[in-house]
Amino acid sequence: MLKVENLNKTFHTGAGDVHAVQNVTFSAADGEVVAIIGASGSGKSTLLSLLGLLDAPDRGSIDINGVQLANLDSAGRTKYRSTQVGFVFQQFNLIPNLTAKENVMLALEFARWPKEDRGQRAEEMLAMVGLDAGKADRRPAKLSGGEQQRVAIARAFAAEPQLILADEPTGSLDKSTGQKIVALLREAATKQKATVLVVTHDEKIAQQADRRLEIEDGVLKEIA
Amino acid sequence: MRSVGVVVILAVAIALSISMLIARDAVSTKINTVRASTGTTITVSPKGFFGFQGGGTALTTTQINGLLSLPNVTAVQESLSEQLKSTQTSLISPTPAGQLGQQFGSSAGSSGGSSTSGSSSFTFTIPIRVIGTNSPGTAVVGGANGGGTEKLTSGKAFSPTSTSDVAVIGNTLATKNKLKVGSTFTAWNTKITVVGVFSAGSTFTDSNVLMPLATVQKLASASKQVTSATVVVNNINNVASVDRAVTKRLGSAADVTSTQATVQSELAPLNSVKTISTYTLIGSVIGAAIILLLSMLMIVRERRREVGVLKALGATNRSILTQFIAESTTFTVLGAVVGFVAGIAISSPITSALVSASSGSTPSSVGGFVRGSGGGPSFTGGGSGFTPPSGSFSRSGGGLRFGGINNTLTQIHTSAGWSTLAFAFIAALIIAALGSSVAAATIVRIRPAEVLRSE
Ligand SMILES: Nc1ncnc2c1ncn2[C@@H]1O[C@H](COP(=O)(O)OP(=O)(O)OP(=O)(O)O)[C@@H](O)[C@H]1O
Ligand SMILES: [Mg+2]
């Protein structure tokens with residue numbers, strides 16, 4: 001269960017203050033897929049970075065399964081990032097000199113999974129996202145965009161995190177591949193009872209979600 | 001591919017540093033050896049003084065004794081060279097005039113001064129050479145006279161401050177005149193007692209007479225005069241400064257020749273090699289450091305996104321740093337090992353090339369020196385001939401010696417000692433540490449939120 005209350009983030013730039021996230025309050029249940037739509041620069045990525053503890057909010061609270069993230073120390077935040085959150089990026093962002101399987105195993109390593117289980121877990125995850133078994137030992141450069149994003153999803157879900165933050169996961173893919181990827185996210189969310197937040201520009205993709213939120217100039221509101 | 005390039009460039013820089021370090025070591029060792037072997041004496045003779053034939057105005061005892069008060073001077077040995085004409089002495093020169101004339105003609109035509117001889121009917125008696133000295137017992141005969149070291153074969157030497165009418169004579173002269181220890185002869189109308197006989201291994205020097213300085217000054221009416229002095233310096237490193245001080249003190253009255261000064265100019269090419277190698281060494285170490293810093297910066301920057309992703313995935317700063325430091329250390333160690341081996345391999349040819357290139361710029365001076373003074377080895381340097389062996393550099397003697405030094409100048413032995421190895425290791429370590437800290441500083445500053453931004 002994710003509960004966000006009164007979250008604020010302002011960037012102080014040379015051109016003036018940018019209120020990227022303003023008084024954002026919402027909650028999402030386990031296994032729920034929530035789409036976040038909004039124009040460019042409306043604050044979608046900023047919101048995700050606050051939720052993933054990549055950046056610190058100015059005000060407000062994030063509560064995940066009863067844990068206040070603001071109370072975590074540096075080690076706690078690192079642990080949160082490696083065990084409670086999974087990221088899926090528009091640019092896939094796989095580690096280029098590691099194979100698909102090694103990329104998944106790396107996330108397990110950071111989450112301190114038992115060493116002997118990592119290989120098998122990685123293979124299971126790659127199978128779940130539908131990557132051909134023969135491609136598990138390929139480096140990202142030798143995989144298609146859709147395949148790389150499948151690997152990224154496998155990596156994001158591998159350590160069984162509570163929260164998946166996907167920032168335009170279909171942005172670099174064609175329409176049908178994009179829809180398959182969102183379907184995959186929703187499947188994994190259900191299976192692992194994780195909350196998935198998907199940022200997207202695409203109305204069609206947004207309609208695959210359980211709920212839709214719209215953000216405008218940092219202000220979030222529910223779309224009925 | 002890029003890593004290979006970095007390692008190669010690093011290896012080249014380290015190889016260059018190592019070879020320069022070795023070259024520098026070898027050259028400094030050589031310089032020290034050469035300097036140490038050249039003695040610590042300075043020869044002073046009157047301006048324009050030309051030993052055997054005389055000439056120039058003699059220096060005075062007062063002038064010379066004043067040199068003792070100069071800093072770093074431990075002793076001043078003085079001598080006065082005089083000639084005894086046949087009318088002034090009972091001694092007969094062992095060398096017949098005709099024979100000597102031929103000798104002059106063949107060996108040193110210009111310096112003999114008796115070029116009119118050549119016909120045996122010409123009656124010319126060779127004068128006897130008398131050297132008044134305040135340093136008897138020290139070997140007297142220098143390379144100038146082609147002789148070896150003076151040795152007493154019988155009797156004893158007189159005291160340095162003696163004023164007696166005594167003499168130590170060369171054994172050739174002794175044989176010719178049937179003199180032995182205790183015998184007497186006359187010189188300047190005075191009865192002189194032979195107290196010793198010496199041998200220096202050459203007929204010419206063994207025809208000389210050694211007498212106390214004061215005695216010769218008195219008898220030859222050359223009161224307080226000195227024709228040659230040798231200043232002994234306490235330390236090899238002070239020779240140059242004492243040389244300057246002596247020159248300043250005596251001014252235009254004297255020719256001041258230190259073997260050091262001459263050797264110093266001979267060593268100039270080696271010194272310039274030393275300087276070149278020092279600068280190249282510093283340059284290549286700095287170069288290596290800069291190369292590694294820039295490559296680390298480039299690598300970190302290029303992998304900025306990767307670092308951000310690792311942070312987003314929950315990697316600690318430390319684990320990311322460890323990985324980068326391992327990489328930069330691997331580069332450095334690989335580069336250092338390859339560079340070290342290559343550096344040792346190329347150090348010997350590089351040293352020789354540097355040395356021959358630098359000395360190649362002054363070959364004429366060296367050769368000219370040897371030729372110019374070597375032509376008349378028997379006589380030209382006579383004035384300073386009777387000096388102790390440590391400073392037995394007359395012009396010609398010096399020339400011959402320098403010829404020898406020059407031949408060995410290029411015979412420099414390069415070797416890589418533990419200190420070189422330690423240097424390479426420490427340099428590599430420092431460079432790696434620098435590279436790592438630059439990487440670290442950049443890595444720590446990368447904000448993971450950046451990975452959410454599309455470029
Ligand atoms: N690090 C930063 N420093 C200053 N301003 C920032 C920073 N990050 C984001 N902003 C500003 O905050 C606002 C929200 O940015 P954000 O990246 O969240 O938008 P977005 O909704 O993700 O846009 P897009 O759809 O183009 O990705 C923008 O005006 C942006 O310029
Ligand atoms: Mg964005």
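User: How many bridges join strand S1 of chain A to strand S4 of chain A?
Analyst: Five, and S1 (residues 2–13) and S4 (residues 59–64) run antiparallel. Strands are DSSP runs (E, at least two residues), numbered from the N terminus. Two strands pair if DSSP finds at least two bridges between them. This is a predicted model: local features need pLDDT of at least 70, side-chain atom pairs need 80 or more, and totals for chains, interfaces and linings use all residues. Residues count from 1 along each chain as written, chains are lettered from A in the order written, and side-chain values use heavy atoms, without hydrogens and water.
User: Which residue in S4(A) is the bridge partner of Glu5(A)?
Analyst: Ser61(A).
User: And what order do the strands of the open sheet have?
Analyst: S2-S1-S4-S5 in chain A, with antiparallel pairing. S2 (16–28) and S5 (67–68) each have a single partner strand, so one side of each lacks a neighbour in the sheet.
User: New topic. How many residues of chain B are in contact with chain A?
Analyst: 17, against 20 residues of chain A. Contact means heavy atoms within 4.5 Å.
User: Which three residues supply 37% of the area that chain B buries there?
Analyst: Ala312(B), Leu313(B) and Leu452(B), more than any other three. Buried area is the accessible area (1.4 Å probe) lost when two parts are put together, summed over both.
User: What forms a salt bridge with Arg447(B)?
Analyst: Asp55(A), with the closest N and O atoms 2.7 Å apart. The rule wants a Lys or Arg side-chain nitrogen within 4 Å of an Asp or Glu carboxyl oxygen.

Terms used. Helix = DSSP H or I, 4+ residues; strand = E, 2+ residues; numbered from the N terminus.
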